[in-house]
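User: I would like to learn how to read the features of a protein model one at a time. Please give the general idea first and then the case at hand.

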Amino acid sequence: SRSMAQRREVFGRRKDGSEFPAEASISKLALGNEVVFTVILRDITERKKAEAALRRNETHLAEAQRLSKNGSWVWNAKTKENVFWSKELRRIYGFDPETSIVQYAAARERVHPEDGSAFDETFHRALREERDFEMDHRIVLPGVEVKHIHVVGHPVLNGSGELVEYIGTVLDVTEQVEARADLEEAFSEIKTSEARLQAIIDTIPTLAWSIEPDGSAEFLN
């Protein structure tokens, strides 16, 4: 009787002395009182090249996401759970980048309490209508750190038109939001200073004026 074949990765050697990666399939065959082993050797050079290219692409994608602070995710519509979170997405949410899949409930708990209702409404409406969605909200990390994120989701349907999963991205826009807030505050201070200066000029008992190059009045207090 023949037992199940076992596979091992080995290195073969060509006539010119060069080595190549190979997969050896080893089977045991009993012939009466004798035992015979059969070995089939298959060149897997192209497969190894493809695997190496895939690993490089995954590394490049992870580095690109880290630099852009952009993570990716996949959510299963049947189980209502996350099935994939990229390392950068786990980093954005304050989870260990090397951990396993982050459960949906654990991620939902980190949505800012003031943004929770809007988050649920937007997400559940998209599910009911099986359409794309896009939203901005805040998350609260351990240590009371608050981040602003931009979320995009896209539905994936099977051949029967049934919703299978959602795929999407999360972009950390904290720096942009804070920079915009600082800019708005600076403009507000400038406007306040201008208003105060205007009030002073309008109330001083002295003529303050400026004219255009053609002699027409540009300003008079």
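What follows is a walk through the secondary structure, the sheets, the core, the aromatic pairs and some single residues.

User: Where does one start, and what kind of model is this?

Analyst: Start with the origin of the coordinates and the overall inventory. This is a predicted model. The chain holds five helices and 10 strands. Of its 221 residues, 27% are buried. The accessible surface of the chain is about 15,300 Å², and carbon and sulfur atoms account for 55% of that.

User: What share of the contacts joins residues at least 24 apart in sequence?

Analyst: Counting contacts between residues at least 6 apart in sequence, 33% join residues at least 24 apart.

User: How should I read a sheet?

Analyst: In the open sheet of five strands, the order is 5-4-8-7-6 and the pairing is antiparallel. Strand 5 (81–85) and strand 6 are the edge strands, each pairing on one side only. On average, neighbouring strands in this sheet are turned by 30° against each other, direction ignored.

User: Which strands does helix 4 touch when it packs on this sheet?

Analyst: Helix 4 touches strand 4, strand 6 and strand 8, and its direction makes about 140° with that of strand 6.

User: What is the order of the three-stranded open sheet?

Analyst: That sheet has the order 1-2-3, again read with antiparallel pairing. Its edges are strand 1 (6–13) and strand 3 (34–43), each of which pairs on one side only. The twist from one strand to the next averages 35°. Strand 2 (residues 19–31) and strand 3 run antiparallel and are joined by 10 bridges.

User: How do I read a hairpin?

Analyst: Look at the paired residues, then at the backbone in the connection. Strand 4 and strand 5 pair in the antiparallel sense over four bridges. Trp73 has Trp85 of strand 5 as its bridge partner, and Asn76 stands opposite Glu81 in strand 5. Between the strands of this hairpin lie four residues, and Lys80 takes a positive phi near 60°. Lys80 is not a glycine. With 46% relative accessibility, Lys80 counts as partly exposed.

User: Where else does a residue other than glycine have a positive phi?

Analyst: Glu130 is such a case, with phi near 50°. Glu130 lies in the loop between helix 4 and strand 6. Its relative accessibility is 35%, so Glu130 counts as partly exposed.

User: What is Trp73 in contact with, leaving aside neighbours within four places in sequence?

Analyst: Its contacts include Phe84, Trp85, Leu89, Phe133, Val151, Tyr166 and Val170. Trp73 is also part of one aromatic cluster, together with Trp75, Tyr104, Phe119, Phe123, Phe133 and Tyr166.

User: How many aromatic pairs are there, and how is one of them classified?

Analyst: A search of the whole structure gives 10 aromatic pairs. For Trp85 and Phe95, the ring centres are 6.2 Å apart and the planes stand at 75°, so this pair is edge-to-face. The pair links distant parts of the chain, with Trp85 in strand 5 and Phe95 in the loop between helix 2 and helix 3 (104–108), 10 residues apart. Trp85 counts as buried because its relative accessibility is 5%. Phe95, at 16%, also counts as buried, since the cut-off is under 20%.

User: Is Val164 buried, partly exposed or exposed?

Analyst: Val164 has 32% relative accessibility and therefore counts as partly exposed. Val164 has its place in strand 8. In sequence Val164 and Ala77 are 87 residues apart, but their C-alpha atoms are 5.5 Å apart in space. Not counting residues up to four places away in sequence, Val164 touches Asn76, Ala77, Lys78, Val156, Leu157 and Asn158.

Technical notes. Residues numbered from 1 in each chain as written. Predicted model: local features only at pLDDT ≥ 70, side-chain atom pairs only at ≥ 80, totals over all residues. Heavy atoms only, no water. Contact = heavy atoms within 4.5 Å. Helix = DSSP H or I, 4+ residues; strand = E, 2+ residues; numbered from the N terminus. Buried < 20%, exposed > 50% of the residue type's maximum accessible area, 1.4 Å probe, protein only. Areas by Shrake-Rupley, 256 points an atom, 1.4 Å probe, with all protein chains shown as cover. Pairing = 2+ DSSP bridges. Axes fitted to C-alpha atoms, helices over the stretch in contact; angles between N-to-C directions. Phe/Tyr/Trp six-rings, centres within 6.5 Å; stacked < 30°, edge-to-face > 60°.
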